[in-house]
Amino acid sequence: MSENNQPVVVHVQVATDGTLQNTTAGLLGTAAQFGTPVAVAVCATGQEQQLATKLGELGAAEVQVLPIDLDALALGSADVAALASVIKTTSPAAILISNTAIGRTIAGRLAIRVEGAVCVDAVSVRWADDEPIASHSIFGGDVTSESTVEGGPRIITIRPGASDLKAEAVASPKITVIEPSALPKVSKGAQIRSVESVQTDASRPDLRSAKIVVSGGRGVGSAEKFEIVEQLADHFGAAVGASRAAVDSGYVSPKLQVGQTGVIVSPELYISLGISGAIQHRAGMQTAKTIVAIDKDENAPIFDHADFGVVGDLFTVVPQLLEEIRTRKG
């Protein structure tokens, strides 16, 4: 825990079944580096204690929860109201929010409500000169910049997967239940009329939070040949990704696209197969801890950014790699 005892408010996104967004641990870990994590969450009535226990295990020293009827939830409005209330009573050093589509919406609305400002898409946060400094990876990862806020609450959105920091578990976090009646009436806006669960491929990790990602590009050649990407991913227990060129060519679903206009990932290991490495793609994976590239074009831009590069036909290299993995496992 940081020597700075100022509270750091962490927005917690909760699914209707009480499941926490997988970025929660990283947000609380980041908060613990320069303050005392105070988790703020909106959940269905009756989930308060269970939610507080989970958040305590992830390092929340205090949990402020707003129980509501989720069936009548105004999209993001309850989160904004709850966060504004906590900010008013705690005067936090910063407010950390996951840089998802919902998170960015909440951050923008919250900034207007509390007269603060937003540092968007940070990959890390450090404490210096008595204030939090957000670090950003920009221009496809070629440049790292820093930002802070002058005046008003500091709201920082953190790139999903960018933080693997962990906070120490808290056995009995302080729990405060926010009474809906104590908050300003939520203005009418977009309403969630119904919620339907969508089954995803549970055999592989989620692309946004996976520790290892194997991605294929146009160089794979076809949808049928993309199987080689999936085979390598399965041997590593990795998520499968793709370049925009592969998606546009119809090899895989758009939901697997990694890049500036797709999913932004920050895994421990990123393996690219047949991806040239255009700036649009690099913007989505440049912050990976280790990058391995396999491509037959020795002048492919991806090699300028890879930690390890193999120049060769992926359909020759990958089978050899798979055989080596099998041999070592056996």
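Modeller: In this predicted model, the α5 side of the contact with α8 consists of Ile228, Gln231, Leu232, His235 and Phe236. Facing them in α8 are Leu314, Phe315, Val318, Pro319, Leu321, Leu322, Ile325, Arg326 and Lys329. Sorted by class, the residues in this contact are 10 nonpolar, two polar and two charged.

As for geometry, two packed helices are described by the angle between their axes and the distance between the axes. Helix α5 spans residues 227–236 and helix α8 spans residues 314–329. Their axes come within 11 Å and cross at roughly 25 degrees. Angles under 35 degrees count as roughly parallel, and α5 and α8 are therefore roughly parallel to each other. The crossing of α5 past α8 is left-handed.

The pair belongs to a protein with eight helices and 15 strands. Its C-alpha atoms fill a box of roughly 65 × 45 × 40 Å along the principal axes.

On confidence, the protein averages a pLDDT of 88, and 91% of the residues score at least 70. Among its elements, helix α7 (residues 279–282) has the lowest mean pLDDT, 88, while strand β13 (residues 269–273) has the highest, 97. Where pLDDT is low, the predicted coordinates should not be read in detail.

Terms used: Residues numbered from 1 in each chain as written. Predicted model: local features only at pLDDT ≥ 70, side-chain atom pairs only at ≥ 80, totals over all residues. Heavy atoms only, no water. pLDDT = per-residue confidence, 0-100. Helix = DSSP H or I, 4+ residues; strand = E, 2+ residues; numbered from the N terminus. Axes fitted to C-alpha atoms, helices over the stretch in contact; angles between N-to-C directions. Parallel < 35°, antiparallel > 145°, perpendicular 65-115°, else oblique. Left-handed = near helix turned anticlockwise from the far one by under 90°. Contact = heavy atoms within 4.5 Å. Nonpolar A, V, L, I, M, F, W, Y, C, P; charged D, E, K, R; others polar.
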